[in-house]
Amino acid sequence: MNTQVLLEVSMISTMALITIAYLFRSNASTGNKIQTFVIALLGGFMVLGGTAKFFQPFATMFASQVELSGLPLPKLAKFAGQMGEITAGIMYLLVLTKDKLISANTAEILLKSATLLTLVIMTVAVYVHLSPNVPAEVLPFQSKPPVLTVIVMFISLCTFIASKRKS
């Protein structure tokens, strides 16, 4: 396993451990803890992913992905991808402050917005992964199939649907 993959796995694992530790301290019901865990994990994953793209080696890899995929306005697309991930992550994390810092209505709007933004970002990521011009070496986990991307899309959508059923 190369250093890039180890770095990616360690960042995701760290985020999961922080989220699990937070939930063990929570007094919420089991169902709410699971939903809180998933939203916190999505939020942390998106913030971490977007932020990492500003630092090496991820900045170079992400720039290569955007350039090689043929996305229009590559500099703008790169910046939009970075900031979009960070923004979606912050929105997910703000949802966790429902009834503390923000109202339930605001939390619902933020969850809808974060889900929509995540789906758009991950749809573009699927396109980039499937682009024949983009080699696996510049992709996350150096994997051509967009497995993690589709998983994030699925989890985001399922979280949104589950939140609608609770309301």
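Figure 1. In the largest nonpolar core, which has 18 residues, the members that touch the most others are M46, Y92, V95, L110, L111, M122 and V152. Four elements each supply two or more residues to this core: α2 (30-52), α4 (74-95), α5 (104-130) and α6 (147-166). Helix α5 gives the most, with 7 residues. Please keep in mind while you look around that this is a predicted model. As general background, nonpolar side chains in soluble globular proteins tend to be buried together.

Figure 2. Which residues does L111 contact once its neighbours within four places in sequence are left aside? They are Y92, V95, F160 and S163. Another core lies apart from the largest one; this other core has 7 residues, including F62, V66, L71 and V138.

**Figure 3. The whole chain, for orientation.** The protein chain has 6 helices and 0 strands, and its pattern along the sequence reads α-α-α-α-α-α. Of its 167 residues, 37% count as buried. Among contacts in the chain with a separation of 6 or more, 68% are between residues 24 or more positions apart. The accessible surface of the chain is about 9500 Å², and carbon and sulfur atoms account for 72% of that surface.

Figure 4. V147, L148, I151, F154 and I155 make a nonpolar surface patch of about 430 Å². Take I155 as an example: this residue is found in helix α6. Its relative accessible area is 34%, which is between the 20% and 50% limits, so I155 counts as partly exposed.

**Figure 5. T149, a buried residue of helix α6.** T149 lies in helix α6. Is T149 buried or exposed? T149 counts as buried because its relative accessibility is 8%, and the limit for buried is under 20%. Not counting residues up to four places away in sequence, T149 touches M122, A125, V126 and H129.

Figure 6. Helix α3 covers residues 58-69, and its 12 residues should span 16 Å at 1.5 Å a residue. The buried residues of α3 are F58, A59, M61, F62, Q65, V66 and S69. Following α3 comes G70, which has a positive phi near 80 degrees.

Figure 7. For background, most residues other than glycine have a negative phi, and most peptide bonds are trans. Here, the peptide bond from Q56 to P57 is cis, with omega near 5 degrees. P57 is in the loop between α2 and α3. In the loop between α3 and α4 you will find L73, which is not a glycine but has a positive phi of about 45 degrees. L73 counts as exposed because its relative accessibility is 59%, and the limit for exposed is over 50%. D99, in the loop between α4 and α5, also has a positive phi, near 70 degrees, and is a residue other than glycine. D99 is exposed, with a relative accessible area of 63%.

**Figure 8. S143 in the loop between α5 and α6.** The loop between α5 and α6 holds S143, a partly exposed residue with a relative accessible area of 24%. How many residues apart in sequence are S143 and H129? They are 14 residues apart in sequence, and their C-alpha atoms are 8.3 Å apart in space. With neighbours within four places in sequence left aside, S143 is in contact with H129 and A136.

Figure 9. I12 is found in helix α1, which covers residues 3-25. This residue counts as partly exposed, at 29% relative accessibility. I12 and G49 are 37 residues apart in sequence, while 9.0 Å separates them in space, C-alpha to C-alpha. Leaving aside neighbours within four places in sequence, the contacts of I12 are F45, L48, F141 and L148.

Definitions and conventions. Residues numbered from 1 in each chain as written. Heavy atoms only, no water. Core = buried A, V, L, I, M, F, W, Y, C linked by side-chain atoms within 4.5 Å. Buried < 20%, exposed > 50% of the residue type's maximum accessible area, 1.4 Å probe, protein only. Contact = heavy atoms within 4.5 Å. Areas by Shrake-Rupley, 256 points an atom, 1.4 Å probe, with all protein chains shown as cover. Patch = residues over 30% accessible without salt bridge, like charges linked within 9 Å, V, L, I, M, F, W, Y side chains within 5 Å. Salt bridge = Lys/Arg side-chain N within 4 Å of Asp/Glu carboxyl O. Expected span 1.5 Å × (residues − 1).
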